[in-house]
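Work through the helix packing and the nonpolar cores in these exercises. Try each task before reading its solution.

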Amino acid sequence: MCDDCDCRELAPIGELSSEHERISDLATRLRDAITSGSPDRTDALGALQAALGPHLAKEEAGLFAQLEGRPGFVWYLEQLNGDHARARSSLLSPDAAELAALEVLAALDELAEHIQSEEYDLFPASRLIFDDLAWAKVAAAHDAANTAATR
Ligand SMILES: [Fe+2]
Ligand SMILES: [Fe+2]
């Protein structure tokens with residue numbers, strides 16, 4: 001996870017990376033349940049949804065909001081937001097439990113690619129371009145998201 005730079009030292013990046021690790025573990029649990037036909041599939045999906053929904057919202061209110069309008073990042077931000085929209089319409093949809101196994105597995109592949117992109121492109125890029133004010137806004141957005149999640 002981004003070991004070649006010190007971006008994890010920044011608290012918001014470290015927080016998102018920890019969430020990525022948890023989400024990836026839950027995604028693996030869901031994948032294993034699907035491929036083995038285990039009854040754990042429903043619980044695994046619920047656990048992934050509980051972690052993924054707040055994570056997407058936190059990124060959008062934090063890093064994504066600070067990338068908004070920056071020259072050179074319009075295309076990339078569109079890709080990231082598109083990934084989030086697809087996750088919401090598949091893994092996070094109200095009828096996600098009814099999706100065919102292949103659809104869920106494809107959505108999990110997309111999610112894994114999205115996380116890789118954030119770890120290796122978004123996080124290092126943010127480290128390079130955000131100033132202290134931008135990081136303060138990201139941290140405030142994370143605090144608000146964490147407060148909302150515990151209500
Ligand atoms: Fe994301
Ligand atoms: Fe993420």
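**Exercise 1.** Describe how α2 and α3 pack.

Solution. Step 1: the axes of α2 and α3 come within 11 Å and cross at roughly 165°. Axes are lines fitted to C-alpha atoms, for helices over the stretch in contact, and angles run from 0 to 180 degrees between N-to-C directions. Helices are DSSP runs (H or I, at least four residues), numbered from the N terminus.

Step 2: that angle makes α2 roughly antiparallel to α3, a term for angles over 145 degrees.

Step 3: α2 and α3 cross in a left-handed way. Left-handed means that the near helix is turned anticlockwise from the far one by less than a right angle.

Step 4: from α2, L52, L56, E60, F64 and L67 meet L77, L80, N81, H84 and A87 of α3. Contact requires C-beta atoms, placed from the backbone, within 7 Å.

Step 5: sort the contact of α2 with α3 by class, and there are 7 nonpolar, 2 polar and 1 charged. Ala, Val, Leu, Ile, Met, Phe, Trp, Tyr, Cys and Pro count as nonpolar, Asp, Glu, Lys and Arg as charged, and the others, Gly among them, as polar.

A note on the source: this is a predicted model, where local features need pLDDT of at least 70, side-chain atom pairs count only at pLDDT 80 or more, and totals for chains, interfaces and linings use all residues. Residues are numbered from 1 along each chain as its sequence is written, while chains are lettered from A and ligands numbered from 1 in the order in which they are written.

**Exercise 2.** Do the analysis for α3 (residues 74-89) and α4 (residues 101-129).

Solution. Step 1: their axes come within 10 Å and cross at roughly 150°. α3 is therefore roughly antiparallel to α4.

Step 2: the α3 and α4 crossing is left-handed.

Step 3: L80, D83, R86 and A87 of α3 meet A107, E110, L111, H114 and L122 of α4. This contact has 5 nonpolar, 1 polar and 3 charged residues.

**Exercise 3.** Give the angle, axis distance and contact classes for α1 and α2.

Solution. Step 1: α1 and α2 pack at about 155°, with axes 9 Å apart. They are therefore roughly antiparallel to each other.

Step 2: α1 passes α2 in a left-handed crossing. Contact residues include L16, I23 and L30 of α1, and L45, L48 and L52 of α2.

Step 3: by class, the contact of α1 with α2 has 14 nonpolar, 2 polar and 5 charged residues.

**Exercise 4.** Which residues of the largest nonpolar core touch the most other members?

Solution. Step 1: a nonpolar core is a set of buried Ala, Val, Leu, Ile, Met, Phe, Trp, Tyr and Cys residues joined through C-beta atoms within 7 Å. Buried means 20 or more other C-beta atoms within 10 Å of the residue's own; exposed means 12 or fewer, and partly exposed lies in between, with C-beta atoms placed from the backbone.

Step 2: of the 16 residues in the largest core, L30, L48 and L111 touch the most other members. α1 (11-36), α2 (41-67) and α4 each supply at least two residues of this core.

Step 3: L48 touches I23, L26, A27, L30 and L91, not counting residues up to four places away in sequence. A second, separate core of 10 residues includes L16, F64, L122 and F123.

**Exercise 5.** Is D131 buried or exposed?

Solution. Step 1: D131 sits in the loop between α4 and α5 (132-150).

Step 2: D131 is exposed, because 8 other C-beta atoms lie within 10 Å.

Notes
Angles under 35 degrees count as roughly parallel, over 145 as roughly antiparallel, 65 to 115 as roughly perpendicular and the rest as oblique. Two residues are in contact if their C-beta atoms, placed from the backbone, lie within 7 Å.
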